[in-house]
Amino acid sequence: MKARLIAVGERPPAWVADGFAEYRKRLSHWLPLDLVEIEPGIRGKGRDAARATFDEGQRVLAAIPKGALVVALDGRGRTWSSEQLAQRMETWRGAGRDLCFLIGGPEGHAAEVTARADETWSLGPLTLPHMLVRLVLAEQLYRANAMLANHPYHRA
């Protein structure tokens, strides 16, 4: 099983890129994780944010691998503890499909993207910078897989 993270936004700060790379490396023998960055829609004075979100959504949909189980990160999604995420990971493994995680742009996901998702996942009630969500996602995927492998990383 492989995973793909499709994230709206390009060129994260170095500390995010370094942290993501570290967890991606640690995760690689359990769940290879590919990152696809989607160019954000054009925003600003006189621009239509809804159009920008729609355009981003079309690029996100085009980047989803065929047959993948899609999990959209969304503040309205279900929250999981680390233990519950490990259980979800075990269920996803049993489904025998690759995984695809989606992080939207400033206004979130286009309606078409949310409709395509098999599940929605919320990291909690806090509003997080979207670049930071990449790092948190990678760390939590690593933690869930470490738990399933009885690795001592997770010490609850």
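Author: A strand, as the word is used here, is a DSSP run of E with at least two residues, numbered from the N terminus. This is a predicted model. Strand S3 gives the largest share of the lining of the largest pocket, four residues.

Reader: What makes S3 a strand?

Author: S3 runs over residues 69-79. A strand needs an E run of at least two residues, so S3 qualifies. The protein has five helices and five strands, and from the N terminus on they follow the order β-α-β-α-β-α-β-α-β-α.

Reader: Which residues lie nearest the centre of the largest pocket, and which elements give two or more residues to its lining?

Author: Leu 73, Asp 74, Gly 75, Leu 128 and His 130 lie nearest the centre, out of 21 lining residues. S3, strand S5 (119-122) and H5 are the elements that give two or more. The volume of this pocket is about 480 Å³.

Reader: What makes the space lined by Val 8 and Val 60 a cavity?

Author: A cavity is a set of points where a 1.4 Å probe fits but cannot get out, whereas a pocket is open; that is why the two carry separate names. Besides Val 8 and Val 60, its lining includes Thr 53, Glu 56, Gly 57 and His 109. Helix H2 (residues 49-63) gives the largest share, four residues. This lining divides into four nonpolar, six polar and one charged.

Reader: Why is the set around Leu 5 and Trp 92 called a nonpolar core?

Author: A core joins buried residues of the nonpolar kinds, Leu and Trp among them, through side-chain atoms within 4.5 Å, so these two belong to it by definition. The largest core has 30 residues, and Leu 5, Trp 92, Phe 101 and Trp 121 have the most contacts inside it. Several elements supply at least two residues each, including strand S1 (3-8), helix H1 (14-27) and helix H3 (82-95). H5 gives the largest share, nine residues. A second, separate core of 14 residues includes Val 8, Val 70, Cys 100 and Ala 110.

Reader: How do you know that Trp 121 is in contact with Phe 101?

Author: Contact requires heavy atoms within 4.5 Å, so a pair that meets this cut-off is counted. Leaving aside neighbours within four places in sequence, Trp 121 has Phe 101 among its contacts, along with others such as Val 71, Trp 80, Leu 85 and Leu 137.

Reader: And which partners does Val 36 have?

Author: Val 36 lies in strand S2 (residues 33-38). With neighbours within four places left aside, Val 36 is in contact with Arg 4, Leu 5, Ile 6, Ala 7 and Ala 63. Its C-alpha atom is 9.1 Å from that of Val 60, which is 24 residues away along the chain.

Reader: How do you know that the overall fold agrees with a compact globule?

Author: For 156 residues, a compact globule would have a radius of gyration near 15 Å, and the protein has 15 Å, so the two agree. Along its principal axes, the C-alpha trace spans about 55 × 35 × 25 Å. Buried residues make up 44% of the 156.

Definitions and conventions:
Residues numbered from 1 in each chain as written. Predicted model: local features only at pLDDT ≥ 70, side-chain atom pairs only at ≥ 80, totals over all residues. Heavy atoms only, no water. Buried < 20%, exposed > 50% of the residue type's maximum accessible area, 1.4 Å probe, protein only. 1 Å grid on protein atoms, 1.4 Å probe; cavity = no way out; pocket = protein on both sides within 12 Å on 5 of 7 lines; lining within 4 Å. Points joined across faces, edges and corners; volume = space filled by probe spheres on them. Nonpolar A, V, L, I, M, F, W, Y, C, P; charged D, E, K, R; others polar. Rg over C-alpha atoms; globule rule 2.2 N^0.38 Å.
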